[in-house]
Amino acid sequence: MKIGVLGAGVVGLTTAWRLSEAGHDVVLIDRAAGPAAGASGANGAQLSYRYVAPMASPKMLFQLPGLLLPGENAIKVSFTPELVGWGLRFLTACTGAQVARTTAAQLALAELSRLELEHLLGKVPLDFGLRTAGKLVIFRKAADFAAATPGEDEAAELLGPDECRALEPGLTLKTSEFYGGLYTPSEQVGDCTAFCEQLFVKLKESNRVEVRMNTAIGRPVVRNGRMTGIETDHGPVEADLFVLSLGSGARAFAKSCGFNLPIYPVKGHSITVADDVASPLKHSVTDYSRKIVYAPLPGATRIAGFADFQGYDTTPVPSRIAQLKEAAADTFDIAAQGEVEPWAGLRPMTPDSKPVIGPSPLDGLFLNTGQGMLGWTLACGSARLTADLIDGKPPACPSEPFDVRRFQ
Ligand SMILES: Cc1cc2nc3c(=O)[nH]c(=O)nc-3n(C[C@H](O)[C@H](O)[C@H](O)COP(=O)(O)OP(=O)(O)OC[C@H]3O[C@@H](n4cnc5c(N)ncnc54)[C@H](O)[C@@H]3O)c2cc1C
């Protein structure tokens, strides 16, 4: 089959690779000049296979009123008409039962992703700083620490402040500033941009993959109720099937196909600090209260965070960059004054924090998008699930939780 993959972020790239592996001819299309031009750029770099905490949760319900007030909160919300319907669905997902279902579905997809990344690297060795660094989540509030649980991961453990500092000597927080941490030794880190750039090169070399960059995707071409092509600024592209992996652009494309896809852009920021001015971390660290993650990469430390519901603008906001620098300075003594690369990206977020993977309401269009906070972690598993479903094979992990019909 000839399959058009729409979007060359980490989700589109891994999907293109998986489909070509399965014997399909692929045409990969993106408006950017190169890969990872959207959210897959300088993200938090955490491959978080065991810690998939959904954003929609009962706790979030209590925090919401405060988040709507002005100020430099970790999460900021500005209401737009697009956010209203999304927000109502988000509220209905904030139940304990839904969180349990989402967590189970995400953990299964994450485990598949871990295996699929290994499989991919067995076929195409890539060098992107992949490392089983372990992850330490630190809690600044007593209630958050009390609620933290190692879950079913036998190797995960709760640590007091002294143990956290012994594990991660770069941590400069005093005992009075935090209550402890949850350490999961099996979690990994890796540079998503480097992964995407190298996989992109391999795809271009493949005789099964045609790459069309600098190509803006417009409306679908529909004949007799089936999508047979897309309009682009370089003319139409035809294929037997299309996979929608446009990240935050997926909602607009779905609308032009005649159905609603509740994906909202949730803006995050990052800074990358070169190691000559940063104290390299031993592990990846998540500051749970501030919603900031720290990841050690080859030659640099990545510091990323915040969740701003403020539309589609991708320009880094100076006050957010300043907050990340301050956090780096007071949590790890990372002097982020020298060589710092600021960045911002839009997480394609569904209201229930799960991706949308499966057939769409439009015949000829398949969905693999909406990975939200965990797109780097879930990309390889989502690609495998997509290929399994397209080929009519038994899915390698339960696919029903990701079906778009939950929103129709
Ligand atoms: C600050 C931050 C930190 C993060 N940290 C982590 C982390 O530590 N771990 C983790 O697992 N995930 C993390 N994420 C989430 C992860 O980065 C995303 O979920 C993931 O990159 C989404 O990938 P994607 O391919 O779906 O979307 P994107 O990377 O946004 O790709 C979509 C592509 O579609 C293209 N496109 C859109 N519209 C059109 C159009 N009309 N025509 C042509 N092309 C179009 C864009 O150019 C883009 O290349 C983070 C995200 C952010 C912002």
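Is Asp-352 buried or exposed? I looked this up and found Asp-352 buried, at a relative accessible area of 8%; buried stands for under 20% relative accessible area, exposed for over 50%, and partly exposed for what lies in between (1.4 Å probe, protein chains only).

**Basis of the entries.** I worked from a predicted model, in which local features need pLDDT of at least 70 and side-chain atom pairs count only at pLDDT 80 or more, while totals for chains, interfaces and linings use all residues. Residues are numbered from 1 along each chain as its sequence is written, and side-chain values use heavy atoms, with hydrogens and water left out.

**Entry on Asp-352.** I located Asp-352 in the loop between strand 18 (340–349) and strand 19 (356–359). Helices (H or I, at least four residues) and strands (E, at least two) are DSSP runs, numbered from the N terminus. The side chains of Asp-352 and Arg-406 are joined by a polar contact of 2.6 Å. A polar contact is a pair of N or O atoms within 3.5 Å; within protein, one must be able to donate a hydrogen and the other to accept it, and residues adjacent in sequence count only if both atoms are side-chain atoms. With neighbours within four places in sequence left aside, I list Ala-93, Gln-98, Thr-102, Arg-406 and Phe-407 in contact with Asp-352, contact being heavy atoms within 4.5 Å.

**Entry on helix 1.** I checked the length of helix 1: its 12 residues should span 16 Å at 1.5 Å a residue, and the end C-alpha atoms are 16 Å apart, which agrees. The expected span is 1.5 Å times one less than the number of residues. Among the buried residues are Val-10, Val-11, Thr-14 and Trp-17. After helix 1 comes Gly-23, with a positive phi near 100 degrees.

**Entry on Thr-14.** I found Thr-14 in helix 1, buried at 2% relative accessibility. A polar atom of the Thr-14 side chain lies 2.7 Å from the backbone oxygen of Val-10, and the Thr-14 side chain reaches the backbone oxygen of Val-11 at 3.1 Å. Apart from neighbours within four places in sequence, Thr-14 is in contact with Phe-195, Leu-199, Ala-379, Cys-380 and Ala-383.

**Entry on helix 7.** What do the buried residues of helix 7 pack against? I noted helix 1 (10–21), strand 2 (25–29), helix 4, strand 9 (209–212) and helix 10. The buried residues of helix 7 include Phe-195, Leu-199 and Leu-203. At the start of helix 7, a side-chain oxygen of Asp-191 comes to within 3.1 Å of the backbone nitrogen of Thr-193.

**Entry on helices 4 and 10.** I read an angle of about 85 degrees and an axis separation of 7 Å for helix 4 (residues 96–123) packed on helix 10 (residues 375–390). Helix 4 is therefore roughly perpendicular to helix 10; angles of 65 to 115 degrees count as roughly perpendicular, under 35 as roughly parallel, over 145 as roughly antiparallel and the rest as oblique. Axes are lines fitted to C-alpha atoms, for helices over the stretch in contact, and angles run from 0 to 180 degrees between N-to-C directions. The contact includes Leu-109 and Leu-117 of helix 4 and Ala-379 and Cys-380 of helix 10.

**Entry on Leu-346.** I placed Leu-346 in strand 18 and recorded it as buried, at 10% relative accessibility. Leu-346 touches, among others, Ala-39, Ser-248, Pro-265 and Tyr-312, residues up to four places away in sequence not being counted.
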